[in-house]
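Me: Please take a close look at one part of this structure for me. Go slowly enough that I can follow it on the model.

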Amino acid sequence: MSLTKAATTALRTLPRQPAIRSPAAALVNQQRNVSDASTSHSDFKSPFHRGTTPNHQDTTVIPSFGKYKNGTETGNKMFQYFMVGAFGGLSAMGAKNTVQDFLKNMSASADVLAMAKVEVDLASIPEGKNVIIKWRGKPVFIRHRTSDEIKEAEDFDWKQLRDPQPDEDRVQKPEWLIMLGVCTHLGCVPIGEAGDYGGWFCPCHGSHYDISGRVRKGPAPLNLEVPAYDFPEDGALVIG
Amino acid sequence: MAGVLGGIYNSIVKRNAVFLTTIFAGAFATNIIFNIGADSVWDQINKGRQWKDIKQRYMGDQEEEDE
């Protein structure tokens, strides 16, 4: 500390040295220098002097920051990075939980999922018969097709249709045809085993569907829709 | 102490990609650990009162048909 002060004094005095001509002038200079309170409070008793104890130093003295300096550079750096990282980690946890809660909120609950599936016992449906069941508020046609009907549906030249679709794209097992019973025109329920093609006929505007549920005649733009279904075991069907 | 901190600094903090990866991995790990810990505390407090504790009293050796 005192070394710094001495250096500062020397630095301030040095430029003035060439101007000194006589020892007397130097003495005057010295005295003026001594009376400069900003550089050497120890020699000059200022009226505002607060004593020499460390707690009551002159206000012009640069204070010591030694009390506030602690630890090594690595330790301080690691502390700062740790705080930054910990806060970032907490934020990441919060963000993840927020996103997770939103996604959980949007997904269907268990009771809704339970209502969304319908199980059908296929053993009770004889060959060549239609069954209409209700699934998610809509009728679903299940037809147990005979081998003649399967042959007819597969052999038909489907490329010329309004909504071209081969029969194997519409059924998982050829003997079971499962479709939504909603006419693709305006949503009436077609009548089974009717129409010009042995399939379904919509009485509202006269759309004819064949034995694979494909539109053959009338205003309907698309084939009857096929829902997602599965055969978990023989003789059982799950729609949905 | 300084050696350990320096090692951590050089291995984790120096490269930002590693630092970020560590933070996210740590966040997920903390989340999981916290959940497991909270569940175990809950189970400890409610020991003997939960369905999984008294299940065998009612279900016996039956197959677990309904839960």
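This is a predicted model: local features need pLDDT of at least 70, side-chain atom pairs count only at pLDDT 80 or more; totals for chains, interfaces and linings use all residues.

Reply: Helices (H or I, at least four residues) and strands (E, at least two) are DSSP runs, numbered from the N terminus. Residues are numbered from 1 along each chain as its sequence is written, while chains are lettered from A and ligands numbered from 1 in the order in which they are written.

Now look at who meets whom. H3(A) brings Gly85(A), Gly88(A), Gly89(A), Ala92(A), Met93(A) and Lys96(A). Facing them in H2(B) are Phe19(B), Ile23(B), Phe24(B), Gly26(B), Ala27(B), Thr30(B) and Asn31(B). In contact means C-beta atoms, placed from the backbone, within 7 Å. The residues of this helix contact divide into six nonpolar, six polar and one charged. Here Asp, Glu, Lys and Arg count as charged, Ala, Val, Leu, Ile, Met, Phe, Trp, Tyr, Cys and Pro as nonpolar, and the others, Gly among them, as polar.

Next, find the sheet in chain A. Four strands form an open antiparallel sheet in the order E5-E6-E7-E8. Strands pair if DSSP finds at least two bridges between them. E5 (191–192) and E8 stand at the edges with a single partner strand each, so one side of each has no neighbour in the sheet. Two bridges join E5(A) to E6(A), where Gly192(A) has Trp200(A) as its bridge partner. Trp200(A) also stands opposite Tyr209(A) in E7(A).

Four bridges join E6(A), residues 198–202, to E7(A). Four residues lie between these strands in their hairpin, and Gly206(A) takes a positive phi near 75° there. From E7(A), Ser207(A) and Tyr209(A) point one way, His208(A) and Asp210(A) the other, and all are buried (20 or more other C-beta atoms within 10 Å of their own). Two bridges then join E7(A) to E8(A), residues 215–217. In E8(A), Lys217(A) is the bridge partner of His208(A). The hairpin of E7(A) and E8(A) also has four residues between its strands, and Gly213(A) takes a positive phi near 80°.

Notes. Two residues are in contact if their C-beta atoms, placed from the backbone, lie within 7 Å. A residue is buried if 20 or more other C-beta atoms lie within 10 Å of its own, exposed if 12 or fewer, and partly exposed in between; C-beta atoms are placed from the backbone.
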